[in-house]
Amino acid sequence: MSKVENYQHVTVLLHEAVDALAIREDGIYVDGTFGRGGHSRLILSRLGEQGRLVVFDKDPEAIAVANELAAQDKRVSVVHNGFETFQTALDELGIDKIDGALFDLGISSPQIDDGSRGFSFRFDAPLDMRMDPTRGMSAAEWIATASEQDLHEVIKNYGEERFSRQIARAIVAQREESPIDTTHKLAQLVAQNVRTRERGQDPATRTFQAVRIFINRELEEVEAVLPQVAGRLKEGGRLAVIAFHSLEDRIVKQFIKKYSQHAPLPRWAVVKEADLPQPPLKAVGKAIKPGSTETEANPRARSAVLRVAERSSGEFSVIE
């Protein structure tokens with residue numbers, strides 16, 4: 001059995017997310033976070049022979065699975081890159097407009113459960129945390145060079161950790177004696193500096209989350225891709241985003257709200273509401289969360305939130 005087959009991924013909000021896309025048989029769709037292909041396979045089952053699916057992922061192991069799928073299904077195109085390259089990738093594939101895009105944000109179960117990837121404090125492994133370990137700086141390299149202030153700000157802002165300053169100070173002191181280059185070294189150091197613990201949560205949880213989000217530029221990628229998608233959707237096309245972290249969900253929520261409203265007018269302008277240009281997006285329903293059956297079967301689904309927007313006929317332009 002290959003490594004990519006060893007770790008199982010339970011797709012969260014599978015049917016809800018794909019249903020939200022309102023698949024057209026001959027449509028062009030994007031799965032911006034392929035993972036192990038749960039959403040992609042369901043999308044393909046609803047596409048006709050003329051339909052097309054473009055899948056993105058940074059993770060080489062996810063891309064290996066995606067390439068296997070593409071070898072079996074000519075409707076699939078694979079992009080080994082982050083989804084912030086959305087527009088460039090579509091241009092290279094000769095695609096102008098799309099009928100829908102789905103993003104399942106954050107880390108996947110195979111990445112967490114493969115101890116060698118360095119995402120989890122449950123395994124002792126090199127402190128890597130890169131979704132694509134062939135590119136960029138590892139968590140260990142960043143921790144070895146970041147200033148105390150930068151460490152504090154990342155752990156506080158991305159991990160919402162109350163003891164971020166103490167943890168940052170301890171990291172700087174420890175690395176002068178020996179490198180913090182494994183998951184256990186970081187987890188033990190954090191545990192020594194988190195004075196109160198949340199029930200059922202390891203004291204290292206927030207710090208590991210913060211470093212992972214920072215190393216992979218997860219929030220910046222979400223902010224970059226949303227306007228790219230809105231500009232590429234056909235009228236009636238759908239954007240569906242599943243977020244697991246409050247910071248990601250806030251970005252998605254605010255983006256949909258911003259572009260579902262009329263652009264701000266000067267105070268002196270007197271315009272009837274009926275004469276205002278139509279906003280480029282409209283929110284579709286309320287935020288969707290997993291039901292009790294799904295969360296009991298897959299506890300990692302508990303924090304998932306699905307938000308959906310539809311492209312209108314209104315012109316889209318980025319609002320600063």
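Modeller: In helix 10 (residues 183-191), the buried residues are T183, L186, A187, L189 and V190. Buried means under 20% relative accessible area, exposed over 50%, partly exposed in between, with a 1.4 Å probe and protein chains only. Helices (H or I, at least four residues) and strands (E, at least two) are DSSP runs, numbered from the N terminus.

Biologist: How do you know where on helix 10 its buried residues fall?

Modeller: Down the axis of helix 10, its buried residues fall within an arc of 165°, so they line one face of the helix. The arc is that of the directions from the helix axis to the C-beta atoms. The cover over these buried residues includes helix 7 (139-145), helix 9 (164-175) and helix 11 (205-215), where contact means heavy atoms within 4.5 Å.

Biologist: What are the ground rules?

Modeller: This is a predicted model: local features need pLDDT of at least 70, side-chain atom pairs count only at pLDDT 80 or more, and totals for chains, interfaces and linings use all residues. Residues are numbered from 1 along each chain as its sequence is written, and side-chain values use heavy atoms, with hydrogens and water left out.

Biologist: Why is D104 called buried?

Modeller: D104 has 12% relative accessibility and the cut-off is under 20%, so D104 counts as buried. D104 is found in strand 4 (residues 98-104). UniProt, in an unreviewed entry, lists D104 under "binding site", along with residues including H39 and D57; such annotations may be inferred rather than shown by experiment.
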